[in-house]
Structure formats: C-alpha cells, structure tokens
Amino acid sequence: MSGTSPGLQPPADAVKPVRHPDAPAPGELLGAHYGQCFGCGGDQPHGLHLQARAGEGVSITAEFLVRPAHQGAPGLAHGGVLATALDETLGSLNWLLRTIAVTGRLETDFRRPVPVDTTLYLEAEVTAVAGRKIYSTATGRIGGPDGPVAVRADALFIEVKVDHFVNHGREEEIRAAMDDPDQIRRTRAFEVNP
C-alpha cells in the first residue's frame, strides 16, 4: 500500500488477518446485510444492489451495475456512488472476520470514468489488524475482473459493539433488525457503516 496516507498505514505491531472458522466458504454469496442498506439491500429501489462473494483468505469479490439513477455527470457514475460501492465492498470483509465494524476512514482514488450500464468488478482484502482497527484495500475494474482499474480505496474500519447502533440509530429500524428471528440476518444487520 505504498502512497497510503499515514492514517491508513497499519502500525508495526499489526497482525495478519485471520478468517473466522464460521465465515462463508470461498465462492459463497454473502447476500445483503440489511434490506434497507443503500449499498447491498434489495429493498432500496435506487440502491447499488451490490453482490459480494467470499474469496480466499480474508478477501471478497463483488459486482455493481451502474444504472442511470447512479449517474453524476451525464452518462457517468457519480463519484460518491463509486465511493459507496468501495465502502460497501470493504465493509463486507468484516463478515469474514465475524466482526462488527464501522468505517473510520476511507481514501479513494478515481482513475477513470465509469459509464452508466457498466459493471464495476470489485476485489477487496483485509491487509492487517491492530486491536480494534482493521486495515483493508479494494480495487474496482471495468470491462471484466481483469480489466483496467477505474477506482481504488484504502480503508480503516473500527470494531464496535452492537450498542453503537442502538445508541445512534433510529429506534424503529434497530428494533426491527434485533427482532429478526434469523440469527444470521440479525447479526449481519449491524455489520457495516458508521
């Protein structure tokens, strides 16, 4: 991660990430962590509907189809939407660690435009863990999984407890997520975002 800002450089005592034994198997679709999530939720008509799959180690791949609702300049994806796709992909890595974490810092580089009706192929991996801090990196390519890099990001996620969401979220949504009888969906609802 050369060129990474000091806030995104793991400290000298950081350790290599360890995939949780109960993490989804490589190739397994992760699914939405919460139906109302703008990044991956199916209940958001203009959301990204990002589809992520577990990879080897502590990595994932994801795809996002840029639709007309996601444009900024005419015919091109909005940079904020691309940053959201990177953040969602990076945040999904925490499911492989079985850790609830929120974005602490996200540094993005926009390398080339991403046209509407283009699929953005994303790859992300956790690079280091230091206490509650999780360091990760991602790239987004166009034209295929091996195509040219259009966007990339480095991120720092901070492990939190579910109380973080209870104390800062809207009570109605928090209660609905916590009352979900599906243990996995209930856990995953609190997985990504500040």
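Visitor: Which strand does threonine 139 lie in?

Guide: Threonine 139 lies in strand β5, where strands (E, at least two residues) and helices (H or I, at least four residues) are DSSP runs numbered from the N terminus. This is a predicted model, in which local features need pLDDT of at least 70 and side-chain atom pairs count only at pLDDT 80 or more, while totals for chains, interfaces and linings use all residues. Residues are numbered from 1 along each chain as its sequence is written, and side-chain values use heavy atoms, with hydrogens and water left out.

Visitor: Is threonine 139 buried or exposed?

Guide: Threonine 139 is buried, with a relative accessible area of 19%; buried means under 20% relative accessible area, exposed means over 50%, and partly exposed is in between, using a 1.4 Å probe and protein chains only.

Visitor: And what does threonine 139 touch?

Guide: Leaving aside residues up to four places away in sequence, threonine 139 touches Tyr121, Leu122, Glu123, Val151 and Arg152, a contact being heavy atoms within 4.5 Å.

Visitor: How many residues of β5 are buried?

Guide: Seven of the nine residues of β5 are buried, and the strand is mostly covered.

Visitor: What happens at the turn between β4 and β5?

Guide: The hairpin of β4 and β5 has two residues between the strands, and glycine 131 there takes a positive phi near 65°. The bridge partner of alanine 130 is lysine 133, in β5.

Visitor: Zooming out, what is the strand order of the sheet?

Guide: Six strands form an open sheet in the order β1-β2-β4-β5-β6-β3, with antiparallel pairing; two strands pair if DSSP finds at least two bridges between them. The edge strands are β1 (51–54) and β3, each of which pairs on one side only. From one strand to the next, the twist averages 20°.

Visitor: Which strands does α1 touch, and what angle does its direction make with that of β6?

Guide: Helix α1 packs on the sheet, touching β2, β3, β4, β5 and β6, and its direction makes about 50° with that of β6. For such angles, axes are lines fitted to C-alpha atoms, for helices over the stretch in contact, and the angles run from 0 to 180 degrees between N-to-C directions.

Visitor: What else can you tell me about α1?

Guide: Helix α1 covers residues 79–92, which is 14 residues, and reaches 20 Å from its first C-alpha to its last, close to the 20 Å expected at 1.5 Å a residue; the expected span is 1.5 Å times one less than the number of residues. Because 11 of those 14 residues are buried, α1 is largely enclosed by the rest of the structure. The buried residues of α1 include Val81, Leu82, Ala85 and Leu86, and among the elements that its buried residues pack against is α2 (94–97).

Visitor: Switching to charges, how many salt bridges does the count come to?

Guide: The count comes to two salt bridges, a salt bridge being a side-chain nitrogen of Lys or Arg within 4 Å of a carboxyl oxygen of Asp or Glu. One of them joins the side chains of aspartate 109 and arginine 152 at 3.0 Å, N to O. Aspartate 109 lies in strand β3 and arginine 152 in strand β6, so this pair ties together parts that are 43 residues apart in sequence.

Visitor: And what about the pair of aspartate 154 and arginine 152?

Guide: The side chains of aspartate 154 and arginine 152 meet in a salt bridge at 3.2 Å, N to O, and both of these residues are buried. Salt bridges that share partners join Asp109, Arg152 and Asp154 into one network.

Visitor: How accessible are aspartate 109 and arginine 152?

Guide: Aspartate 109 counts as partly exposed at 29% relative accessibility, whereas arginine 152 counts as buried at 16%.
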